[in-house]
Amino acid sequence: MATDNNNIINEVTNSEYKYGFVTDIEMDQAPMGLSEDTVRFISAKKNEPEFMLEFRLKAYRKWLEMEEPTWAHLHHPPINYQDIIFYAAPKPKKELASLDEVDPQLIETFNKLGISLEEQKKLSGVAVDAVIDSVSVKTTFTETLSKYGIIFCSFSEAVQNHPDLIKKYMGSVVPYSDNYFATLNSAVFSDGSFCFIPKGVRCPIELSTYFRINAANTGQFERTLIIAEEGAYVSYMEGCTAPQRDENQLHAAIVEIVALQDAEVKYSTVQNWYPGNKKGEGGIYNFVTKRGICKGSNSKISWTQVETGSAITWKYPSVILLGDNSVGEFYSVAVTNNYQQADTGSKMIHLGKNTKSTIISKGISAGFSENSYRGLVKISKNATNSRNYSQCDSLLMGDKCGAHTWPYIRTENSSSIVEHEATTSKISEDQLFYCQQRGISTESAIGLIVNGYAKEVLNKLPMEFAVEAQKLLSISLEGSVG
Amino acid sequence: MLLSIKNLHASINGKEILKGVNLEVNKGEVHAIMGPNGTGKSTLASVIAGRDVFDVTEGSVLYKGKNLLALPVEARASEGIFLGFQYPVEIPGVSMTNFMRTAVNEQRKYKGLDPLPAGEFLRLMEEKKKMVEITAKLANRSVNEGFSGGEKKKNEIFQMAMLEPTLSILDETDSGLDIDALRIVANGVNKLRSPENATVVITHYQRLLDYIVPDFVHVLFEGKIVKSGGKELALELEEKGYEWIKDAVI
Ligand SMILES: Nc1ncnc2c1ncn2[C@@H]1O[C@H](COP(=O)(O)OP(=O)(O)OP(=O)(O)O)[C@@H](O)[C@H]1O
Ligand SMILES: [Mg+2]
């Protein structure tokens, strides 16, 4: 009864989102819809300098001329941009100097998610910049970090306190006119994180930010900028869970990374936005532009992502390998279940000589979901002796889901080597039976097999994240069996 | 009575493979099942373990006096049924240690016990690895991935040692083993024998039965046990092949 087995997989993959709850916090929000006034409202609200308003308006005007892209393997009802609140911030009761002053409900929300700021602070030595509803509420460890000359703060704070750095680097990797969603973000972005590691400094702790969407009908437009100067090193982690919602929520974030000579940036993400219910209603639309530039020679940027959430994911973390001998890496696990759709992958643009890139992508599709890998490896004329290795594996659970691979390769010189491997497999009935025969439940067996399959990527995550990510993989595929 | 199988019929995709198997196994006993290729030996083992690709269409299986057919696969395992696979399965990326820890702890959970503390678990692993002479390296590798045929079989016995089952069904665990490995595997099985458990070995070769001496030998032929006897029967089969049994049956 092979169909029985499919039924089990169906059951197992049909569990409801476990992190669905809503916090009631007083909002301070922009009027509904998008216009030049909205853009000015946001900029004024944030008390921004003139150059920021100009940047936003330039982007807004560009955006009006653009059209939503349709090339991705994604289907969704048209997004009504006049039906979105583009800015919402929790009202600060007063200046926040310590944790005691943070809205207790906020703390409770974190606790529900298992992310207590206190614990984070005491136990893990991780500096947390908690972004709730677009505004950074609390930044920890800034003092420790400032001893090293490291700046780690909200994007808004950076605009106020380090306008020169913002002016110099914002939009230098993802220009305001880059693509529909990035341009939208450039016009209306609310907040995000800023991180600057000065020359020769190894950031002594993992930096992490937890994002969370919290207001009904609030688009989330995060903007993150990370700069590693010559010889600097930083490992940055971004993770999120979101409360359950009926309406679709638009999320269009930008992450820009600049690595100068000999610098290294590791960017890790665990993405667990609300994926919608079993019927495919609700869930986050996640259109993200993430790009890094290896500007100096011998620099390195790696993206590691574990994507389990969102109704729709549109995301291609990329590296521009400009410096000679620079290295770009992309390690990804993307899980889609029920009616989730993911179109994700990476772009590696080789411009410098002897540049190397690696792409390891593991897609896991269950339910009625669609999981696509889309990648571009471009090796330009001057990028002599460059190398790329790409491996795209798809794992199918059940027979109603889809997996697709679209690797684009452009090589303009003959001294470079590009390798691409792709596999598609199923969790076999044999593997499940073997585990079960040892006393392992179907759920745990699927958890084991899936985590084994994704191991190569999970191994790239910082320790703190790896455990969380493993649990998340199992949770997003588990259900009530027997 | 540990296991009592009566008139068991099982089919796959509408094709009947088991056509009325009867078998009784008591604690402390070793049974050997022999028979030509494709007669249903592995199918019988799978049906006892609960593999759902097979439909049981008739008959009953009692285990410890309970209706075994009503239990899901993992419950049967936790109740002490162990299947040594004829073709052990590879699970890439899952270390033997992680796999065994999950199995041991899920079986403990079934019995209402707390998970084994990490230290104790590792000690248990060490002890059992020695018993089947498995190298440390093997245990750190992914489950069966890239194992040689013989290593896979040893690994089955290692898992059996870890899980301490009440009823072990070893499906051609001897095939593909070199002489030393055969001795090691057989020694492992013998060390694990007790008056409280029972072993069913499926084999084509009398050779194994020199090491693991059976109390009963059965011949499965075209989905039925057509002949049973003592250990001499195995010798007789070795000598005469299955033709004379076919002739006797038809
Ligand atoms: N999944 C399956 N689908 C279709 N037929 C099957 C399946 N599994 C087993 N069979 C058939 O059932 C019959 C019995 O197979 P089984 O594996 O039980 O034989 P066996 O006695 O163990 O043989 P061997 O000595 O070669 O291991 C064979 O004809 C086989 O082809
Ligand atoms: Mg067989």
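Predicted model: local features only at pLDDT ≥ 70, side-chain atom pairs only at ≥ 80, totals over all residues.
Among contacts in chain A between residues at least 6 apart in sequence, 84% join residues at least 24 apart, a contact being heavy atoms within 4.5 Å. Residues are numbered from 1 along each chain as its sequence is written, chains are lettered from A and ligands numbered from 1 in the order in which they are written, and side-chain values use heavy atoms, with hydrogens and water left out.

Let me stay with chain A for a moment. Its secondary structure comes to 13 helices and 24 strands; helices (H or I, at least four residues) and strands (E, at least two) are DSSP runs, numbered from the N terminus. Of the 482 residues in chain A, 61% are buried. Here buried means under 20% relative accessible area, exposed means over 50%, and partly exposed lies in between, with a 1.4 Å probe and protein chains only.

I turn now to salt bridges. The term denotes a side-chain nitrogen of Lys or Arg within 4 Å of a carboxyl oxygen of Asp or Glu. Over all chains, a search of the whole structure finds 24 of them. One is formed by the side chains of D178(A) and R291(A), at 2.8 Å from N to O. D178(A) lies in the loop between helix 8 (163-169) and helix 9 (180-188) of chain A, and R291(A) lies in strand 13 (residues 283-294), so this pair ties together parts that are 113 residues apart in sequence. D178(A) counts as partly exposed, at 28% relative accessibility, whereas R291(A) counts as buried, at 14%.

A further salt bridge joins the side chains of D393(A) and K362(A), at 3.0 Å from N to O. This pair links distant parts of the chain, with D393(A) in strand 22 (residues 387-396) and K362(A) in strand 20 (residues 356-365) of chain A, 31 residues apart. Both D393(A) and K362(A) are buried. Chain A also holds a network of salt bridges that links E36(A), R40(A) and R61(A).

In chain B, R183(B) forms a salt bridge with D180(B), the closest N and O atoms being 3.9 Å apart. Both residues lie in helix 7 (residues 179-192) of chain B, three residues apart, about one turn of the helix. R183(B) is partly exposed at 34% relative accessibility, and D180(B) is partly exposed at 47%.

Next, the interface. The contact takes 34 residues from chain B and 23 residues from chain A. The area buried between the two chains is about 2400 Å², and carbon and sulfur atoms give 58% of it; buried area is the accessible area (1.4 Å probe) that two parts lose on being put together, summed over both. R51(B), D52(B) and E74(B) supply 24% of the area that chain B buries against chain A, more than any other three residues.

Across this interface the rule finds three salt bridges. In one of these, the side chains of D430(A) and R51(B) meet at 2.4 Å, N to O. Helix 3 (96-110) is among the elements of chain B that give two or more residues to the side touching chain A, and helix 3 gives the most, with six residues.

F82(B) counts as buried, at 1% relative accessibility. F82(B) and E164(B) are 82 residues apart in sequence and 8.6 Å apart in space, C-alpha to C-alpha.

Finally, the metal site. Which residues coordinate the magnesium ion (ligand 2)? They are S42(B), through OG, and Q86(B), through OE1, at 2.0 to 2.1 Å. Donors are N, O and S atoms within 2.8 Å of the metal (3.2 Å for Na, K and Ca), and water is not among the atoms, so sites may look incomplete. S42(B) lies in helix 1 of chain B and Q86(B) in the loop between strand 6 and strand 7, so the pair ties together parts that are 44 residues apart in sequence. S42(B) is partly exposed at 26% relative accessibility, whereas Q86(B) is buried at 17%.
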